[in-house]
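Please look over the sequence and the structure together before reading on. The paragraphs below then lead through the fold.

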Amino acid sequence: MQYKYLRRSGLKVSEICLGTMMFGGATDEATSHRIIASAGDSGVNFIDTADLYNKGESERTVGRAIAAERDRWVLAS
């Protein structure tokens with residue numbers, strides 16, 4: 001995985017971002033968690049979600065999936 005530094009913060013962000021628009025809707029919670037785990041295993045540390053995705057369920061699903069390792073993830077919401 002290749003990473004970029006977020007300006008002067010020193011924060012390394014993966015060049016690949018995991019989009020979660022279908023989480024909490026067409027993609028059920030268990031599958032969403034497996035996708036996030038697989039992305040993390042591949043070096044992805046950047047997740048995009050929004051409160052509009054499935055009426056906020058995407059954010060809630062992502063939150064539950066990353067709660068134990070929150071410091072590992074860069075979350076764009």
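**The sheet and the core**

Ile-47 has Leu-75 of strand 5 as its bridge partner. This is a predicted model, in which local features need pLDDT of at least 70 and side-chain atom pairs count only at pLDDT 80 or more, while totals for chains, interfaces and linings use all residues. Residues are numbered from 1 along each chain as its sequence is written, and side-chain values use heavy atoms, with hydrogens and water left out.

Strand 5 pairs with strand 4 (residues 46-48) in the parallel sense over three bridges, where pairing requires that DSSP finds at least two bridges between two strands; helices (H or I, at least four residues) and strands (E, at least two) are DSSP runs numbered from the N terminus. The open sheet has three strands in the order 3-4-5, with parallel pairing. Because strand 3 (17-19) and strand 5 (74-76) each have a single partner strand, they stand at the edges, and one side of each is left without a neighbour in the sheet.

Ile-47 also belongs to the largest nonpolar core, whose nine residues include Leu-18, Phe-23 and Trp-73; such a core is a set of buried Ala, Val, Leu, Ile, Met, Phe, Trp, Tyr and Cys residues joined through side-chain atoms within 4.5 Å, buried meaning under 20% relative accessible area (1.4 Å probe, protein chains only). Helix 1 (29-41) and helix 2 (57-66) are the elements that give two or more residues to this core. Leaving aside neighbours within four places in sequence, Phe-23 is in contact (heavy atoms within 4.5 Å) with residues including Ile-36 and Val-62.

Technical notes:
Buried < 20%, exposed > 50% of the residue type's maximum accessible area, 1.4 Å probe, protein only.
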